[in-house]
Amino acid sequence: FHFFWATLYMGDWNNTIHSNQLNKQRNLLKYKKEMGNILKNEKLLDAHDALNRQDIKYTYTQGQYRARLDRAYMNKYTLKRCLDYKIMPCHFSDHESVELTLSWKDRIKWGTGLWKYNTVLNTDELFHTQLTRPHTHIQ
C-alpha cells in the first residue's frame with residue numbers, strides 16, 4: 001500500500017532479520033543485509049517493534065523454531081495513524097495473522113495551500129501533451 005505520503009508493506013516475508021529469532025535459512029546474512037538496506041532507504045519501521053516493544057509475539061511456530069515471519073513495515077506518517085497492532089490466531093493457516101487498525105481522519109487539511117486535483121484532467125489530451133512536453137525554458 002503506497003498512497004502519496006503513507007507507506008505500508010505487509011506480508012509473509014519467509015525470513016526474519018531479528019537475530020534473537022531462530023532461522024533455518026542459509027542466506028540469512030544476505031537477506032538481513034538486503035532487507036535492512038530496503039528498510040533504511042525507504043525509511044520504514046517494523047510496526048511490531050515500534051508499537052509493541054515489551055513482548056515479542058511470533059507468527060510462526062514449528063517445533064522449537066519460532067519467528068515473526070509475518071510483518072508490517074510502514075513509514076512514520078503511517079505509524080502515527082496506527083491505532084492498534086495485533087497478532088491473532090488464524091485457523092486456516094500455519095501462521096498467525098497480523099491485524100492493523102489505521103485511522104485516516106485527519107489526512108486532508110482544507111485551507112490555504114491545499115491543491116485539489118480535478119480528475120477531468122485525466123482525459124484532457126491538451127493537458128497531457130503540455131504536461132509531458134519537455135520544459136526546457138524552465139530553469
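This is a guided tour of one predicted protein model, stop by stop, with what to select and what is found there.

Because the model is predicted, local features need pLDDT of at least 70 and side-chain atom pairs count only at pLDDT 80 or more, whereas totals for chains, interfaces and linings use all residues. Residues are numbered from 1 along each chain as its sequence is written, and side-chain values use heavy atoms, with hydrogens and water left out.

**The whole chain**

Followed from the N terminus, the elements run β-β-α-β-α-β-β-β-α-β-β-α. Of the 139 residues, 27% are buried, where buried means under 20% relative accessible area, exposed over 50%, and partly exposed in between (1.4 Å probe, protein chains only). Among contacts (heavy atoms within 4.5 Å) with a separation of 6 or more, 60% are between residues 24 or more positions apart.

**The aromatic pairs**

Next, select the aromatic side chains, where a pair of rings is described by the distance of the centres and the angle of the planes. Rings of Phe, Tyr and Trp (its six-membered ring) pair if their centres lie within 6.5 Å, and planes under 30 degrees apart count as stacked, over 60 as edge-to-face and the rest as tilted. By this rule there are two aromatic pairs. In one of them, Trp13 and Tyr73 have ring centres 5.5 Å apart and planes at 70 degrees, so the pair is edge-to-face. Trp13 lies in the loop between strand 2 (6-12) and helix 1 (28-42), while Tyr73 belongs to strand 6 (residues 70-74), so the pair ties together parts that are 60 residues apart in sequence. Trp13 is partly exposed at a relative accessible area of 26%, whereas Tyr73 is buried at 1%.

Move on to Tyr60 and Tyr65, whose ring centres are 5.8 Å apart with planes at 70 degrees, so this pair is edge-to-face as well. Tyr60 counts as buried at 13% relative accessibility, and Tyr65 counts as buried at 11%.

**Thr59 and its contacts**

Select Thr59, in the loop between helix 2 (47-51) and strand 4 (60-62), which is buried with a relative accessible area of 1%. Leaving out residues up to four places away in sequence, Thr59 touches several residues, including Ala67, Ile87, His95 and Val98. Its side chain makes a polar contact of 2.7 Å with the side chain of Asp70, a polar contact being a pair of N or O atoms within 3.5 Å; within protein, one must be able to donate a hydrogen and the other to accept it, and residues adjacent in sequence count only if both atoms are side-chain atoms. A polar atom of the Thr59 side chain also lies 3.0 Å from the backbone nitrogen of Leu69.

**Arg81 and Ser103**

Now select Arg81, which lies over the face of Tyr77 at 3.7 Å from the ring centre; a charge sits over a ring if NZ of Lys or CZ of Arg is within 6 Å of the ring centre and within 35 degrees of the ring normal. Arg81 and Leu83 are touched by Ser103, not counting residues up to four places away in sequence. Ser103 itself is found in the loop between strand 8 (97-102) and helix 4 (125-132), and is buried at 17%.

**Helix 4**

Finish at helix 4, where the number of buried residues among its eight is zero, so the helix lies largely in the open. At its start, a side-chain oxygen of Asp124 reaches to within 3.0 Å of the backbone nitrogen of Leu126.

Key
Helices (H or I, at least four residues) and strands (E, at least two) are DSSP runs, numbered from the N terminus.
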